[in-house]
Amino acid sequence: MAKYIFITGGVISSLGKGIASASIGKILESRGIKVTLMKLDPYINVDPGTMNPYQHGEVYVTEDGAETDLDLGHYERFTNAEMTKFNNATTGQVYNAVISRERRGDYLGKTIQVIPHITNEIKDRIKKVASVSLAQVVIIEIGGTVGDIESLPFLEAARQFRLDMGYENVLYIHLTLVPYIKVAGEIKTKPTQHSVGTLREIGIQPDVLICRTEKSLSDEVKEKISLFCNIKKEAVIEAKDVDSIYEIPLVFKGQGLDKILLRHFKITCNVFDLKEWKKNVVDRALNPKHKVKIAFVGKYIGLQDAYKSVYEALIHSGIANDSKVEIKRVDSEEIEKFGPQEFLKDVSGVLVPGGFGYRGIEGKIAAIRYARENDIPFLGLCLGMQCAIIEFSRNACGLKNANSTEFNKKAPYPVISLLEEQKKIKDMGGTMRLGSCVCKVKKGTKARALYKKGLVYERHRHRYEFNNKYKKLLEKKGMAFSGIYPKNNLVEIVELKNHTFFIAVQFHPEFKSKPDKAHPLFEGFIRAALKIRN
């Protein structure tokens with residue numbers, strides 16, 4: 001029987017439940033335990049696919065094409081678990097499933113209620129994840145904070161889970177804040193006491209407390225938390241701020257959190273350590289030999305989480321190259337106002353990520369032209385590739401006013417256009433080209449040299465594609481089409497032959513990068529940027 005860990009949050013949001021969940025998965029894997037993770041999101045949207053990045057952060061895409069919460073990215077980066085459409089459940093999905101069954105008459109005239117019908121649906125989805133993954137331990141993160149009305153059905157389902165599965169098979173972890181009041185010079189435990197009190201009113205007594213804090217917790221403070229929250233002192237885990245999120249598994253393991261969990265579940269297993277993780281990830285992240293500055297030209301740079309996986313992929317490629325990657329965030333709309341020279345003159349590489357809509361597009365195109373004409377390493381992702389093709393068509397091929405039909409439906413040269421099958425689609429949610437697709441990488445190209453193989457699988461999230469009508473002209477002017485989706489002859493990778501490093505891809509390689517295994521395109525990009533810097 002699988003074991004289940006429920007992780008809740010209290011006091012305030014953005015404490016890092018996702019990273020804490022992923023780190024717990026990592027330390028259990030270090031003991032030889034097969035884990036999987038799940039995110040329960042309280043919003044009524046069916047998925048985050050139609051939500052503004054400023055509202056929700058990035059949309060993380062799984063291999064099977066599900067648009068999910070960004071925390072699933074943390075789960076895959078920290079552990080060996082592969083996320084699927086089953087690993088993220090929202091209030092919208094849960095209610096949609098129950099209402100659909102009611103409309104079919106599956107409930108035979110019964111009154112449909114939150115308890116038991118909604119909570120049963122939530123529990124069934126959790127059990128489905130366990131059965132599909134064959135994991136020994138399932139870690140379930142509940143979004144929001146304790147006390148939020150939206151989260152109550154999920155918390156009630158978590159409460160019932162221990163009754164259904166047995167005490168030894170379910171464990172509750174509560175992540176909370178222990179603030180340091182600078183004026184008073186004191187650490188305050190009252191917010192944690194209130195948060196745990198609210199959780200207990202719902203019927204859940206946490207077994208472990210993870211306390212986010214700026215200052216180390218003294219034994220006296222831990223004893224106070226233990227007493228007032230009815231938790232063993234050893235189960236009060238300090239989560240002090242760290243320089244790298246990849247330190248957190250070491251922090252948890254150093255306080256014996258893995259032993260506490262295994263003891264509760266009565267699991268006996270081998271003792272493994274995280275020496276390789278510390279040596280190859282944490283030490284290299286904290287003590288790099290080199291440093292390189294990369295311009296990140298985006299349109300949602302005001303929110304850190306909007307491009308979370310791309311930022312992490314840059315960090316991973318820095319680790320692989322023993323280098324600190326300094327990310328210079330550049331708003332593409334600012335480039336439209338003041339020109340690229342002002343923002344890009346001091347960088348060793350330019351990255352243009354994905355996105356939607358016309359806002360800031362001309363700034364991205366100007367940044368790409370600057371990188372191309374000044375031989376600065378460039379990496380374009382999804383919309384970044386489309387902008388690279390528009391820029392090259394306009395300025396190297398003489399196709400004045402070349403554009404994407406996303407931005408100008410009557411463009412004289414529609415070098416980027418909507419796929420035929422997309423033209424009939426009316427619903428916006430879950431209808432893009434999504435998930436893993438094969439890409440055939442051409443021999444003799446930079447992309448092939450980086451991948452070191454001819455067939456690769458990458459994840460997609462887009463509607464528009466390169467218009468093959470313009471392929472011969474762009475090739476004649478020096479653009480190589482180095483990656484193709486063979487089924488529909490779609491362009492996946494482009495590069496410039498006479499350039500230090502100029503690669504753009506239609507897919508999202510950032511979703512397959514890990515701290516101990518950087519994605520080859522990102523690793524090559526940073527390597528080229530370091531050569532320019534030196």
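Predicted model: local features only at pLDDT ≥ 70, side-chain atom pairs only at ≥ 80, totals over all residues.
Two strands are taken as paired where DSSP finds at least two bridges between them.

Strand β6 covers residues 137-142, and six of its six residues are buried, so the strand is largely enclosed by the rest of the structure. Burial applies to both faces of β6: V137, I139 and E141 lie on one side, while V138, I140 and I142 lie on the other. Strand β1 (residues 3-9) runs parallel to β6 and is joined to it by five bridges. Within this pairing, F6 is found opposite I140 of β6. Strand β2 (residues 35-41) is likewise parallel to β6, with six bridges between the two. Here L40 faces I142 of β6. Residue F6 also belongs to an aromatic cluster, together with Y4, F161 and Y172.

Strand β15 (residues 378-381) pairs with β23 in the parallel sense through four bridges, and G380 is located opposite A504. Strand β22 (residues 490-496) is instead antiparallel to β23, with three bridges joining them. The bridge partner of I503 in this pairing is E495. Five residues separate β22 from β23, and the two strands form a hairpin.

Residue H462 is part of strand β19, which runs over residues 455-462. The relative accessibility of H462 is 2%, and because burial is assigned under 20%, H462 counts as buried. The side chain of H462 makes a polar contact of 3.0 Å with the side chain of H460. Beyond its neighbours within four places in sequence, H462 has contacts with C382, M432, R433 and Q506. One of these residues, R433, lies over the face of Y485, at a distance of 4.7 Å from the ring centre.

In the structure as a whole, the search for aromatic pairs returns 15. For Y307 and Y311, the ring centres are 6.2 Å apart and the planes are at 75°; since an angle over 60 degrees defines the class, this pair is edge-to-face. Both members of the pair lie in the buried class: Y307 has a relative accessibility of 4%, and Y311 has a relative accessible area of 1%. A further pair is formed by F466 and F481, with ring centres 5.1 Å apart and planes at 35°, so the arrangement is tilted. This pair links distant parts of the chain, F466 being in strand β20 (residues 464-466) and F481 in strand β21 (residues 479-485), 15 residues apart. Burial is found for both F466 and F481. The ring of Y311 is also approached by a charged side chain, R329 lying over its face at 4.4 Å from the ring centre.

Helix α10 comprises residues 257-265 and is mostly covered, with seven of its nine residues buried. The buried residues are L257, D258, I260, L261, L262, H264 and F265. In an α-helix there are 3.6 residues a turn, so residues three or four places apart point the same way. Just after α10, K266 adopts a positive phi of about 55°.

Residue Y246 is placed in the loop between β11 (236-240) and α9 (248-254). Although it is in a loop, Y246 is buried, with a relative accessible area of 1%. When residues up to four places away in sequence are not counted, Y246 touches R77, F78, W277, V281, V282, E312, I315, H316 and P515. Residues Y246 and N80 are 166 residues apart in sequence, and their C-alpha atoms are 15 Å apart in space.

Definitions and conventions
Residues numbered from 1 in each chain as written. Heavy atoms only, no water. Buried < 20%, exposed > 50% of the residue type's maximum accessible area, 1.4 Å probe, protein only. Polar contact = N/O pair within 3.5 Å; in protein donor to acceptor, adjacent residues only side chain to side chain. Contact = heavy atoms within 4.5 Å. Phe/Tyr/Trp six-rings, centres within 6.5 Å; stacked < 30°, edge-to-face > 60°. Lys NZ or Arg CZ within 6 Å of the ring centre and 35° of its normal.
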